[in-house]
Amino acid sequence: MNRDLVKALQVAWGLPEFRGGLRHLIDLDEVAVLLATLSAADHDREVERSLLSLLRSALDTVEIREAVLLLLEQDEVRRPLVAAALEPLADRPGQVAAIASAAEDPAVRRELRAVLDSARVRELIWQAVDNQASDNRLGLIRQVAVLFVRHPSVRRLAWAARRHGVLRELRRKP
């Protein structure tokens, strides 16, 4: 699992606004223990699978998904998360600027919401995540292609991110 994602999730858990918004929906202590385990360099794949399972069930639960998306609309929650996720990319300032710009754009966040509101799209995303986790590159490419071909919301999100230069910066060699 991407350690930067784990770090960003740990920052989210440290924000009182974020924890308060989710406290009545999930066991925050369980999540905190899981994140602490993941942040260690020598964790096993089973811990990653547990976190992915927890994230999947959270995104499939309407109340949790809505709570997270509403919290991400708040500058005081979103900005520290984006900063934590982008910190390891300090040597790639173009990518940092593009992603930060996209995260601040309400249109990008609106398209992200549209993507996550579709159960079929979420299922395809999780299949792609499973393929990536099991090093199935061909399956990952196939799932991403299906997402773009069959789901206009994914294409709109990609175009919204493209307007900020995210796709260009991701292709750029380090």
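In the predicted model described here, helix H6, which covers residues 75-86, has twelve residues and reaches 16 Å from its first C-alpha to its last, close to the 16 Å expected at 1.5 Å a residue, where the expected span is 1.5 Å times one less than the number of residues. Helices (H or I, at least four residues) and strands (E, at least two) are DSSP runs, numbered from the N terminus. Within H6, the residues Val77, Arg78, Leu81, Val82, Ala84 and Leu86 are buried; buried stands for under 20% relative accessible area, exposed for over 50% and partly exposed for values in between, with a 1.4 Å probe and protein chains only.

Residues are numbered from 1 along each chain as its sequence is written, and side-chain values use heavy atoms, with hydrogens and water left out. Because the model is predicted, local features need pLDDT of at least 70 and side-chain atom pairs count only at pLDDT 80 or more, whereas totals for chains, interfaces and linings use all residues.

The secondary structure of the protein comprises twelve helices and zero strands. Of its 174 residues, 37% count as buried. Among contacts (heavy atoms within 4.5 Å) between residues at least 6 apart in sequence, 64% join residues at least 24 apart.

Two helix pairs were examined. Helix H5 (residues 62-72) and helix H8 (residues 106-117) pack at an angle of about 175°, their axes being 11 Å apart; axes are lines fitted to C-alpha atoms, for helices over the stretch in contact, and angles run from 0 to 180 degrees between N-to-C directions. H5 and H8 are therefore roughly antiparallel to each other, given that angles under 35 degrees count as roughly parallel, over 145 as roughly antiparallel, 65 to 115 as roughly perpendicular and the rest as oblique. In this pair, Arg65, Glu66, Leu69, Leu70 and Leu72 of H5 meet Arg109, Arg113, Leu116 and Asp117 of H8. The contact of H5 with H8 has four nonpolar, no polar and five charged residues, where Ala, Val, Leu, Ile, Met, Phe, Trp, Tyr, Cys and Pro count as nonpolar, Asp, Glu, Lys and Arg as charged, and the others, Gly among them, as polar.

For helix H9 (residues 119-133) and helix H10 (residues 137-150), the axes come within 8 Å and cross at roughly 160°, and the two helices are therefore roughly antiparallel to each other. On the H9 side, Val121, Leu124, Ile125, Gln127, Ala128, Asn131 and Gln132 meet Gly139, Leu140, Gln143, Val146 and Leu147 in H10. The residues of this contact divide into seven nonpolar, five polar and no charged. The loop between H9 and H10 holds Asp135, which is exposed at 64% relative accessibility and has a positive phi of about 60° although it is not a glycine. Most residues other than glycine have a negative phi.

Individual buried positions were also considered. Arg122, found in helix H9, is buried with a relative accessible area of 8%; leaving aside neighbours within four places in sequence, Arg122 is in contact with Leu59, Asp60, Arg65, Leu116 and Asp117. Ser153, in helix H11 (residues 152-163), counts as buried at 9% relative accessibility, and touches Glu111, Ala114, Val115 and Val121, not counting residues up to four places away in sequence. The C-alpha atoms of Ser153 and Asp117 are separated by 9.8 Å, the two residues being 36 residues apart along the chain.
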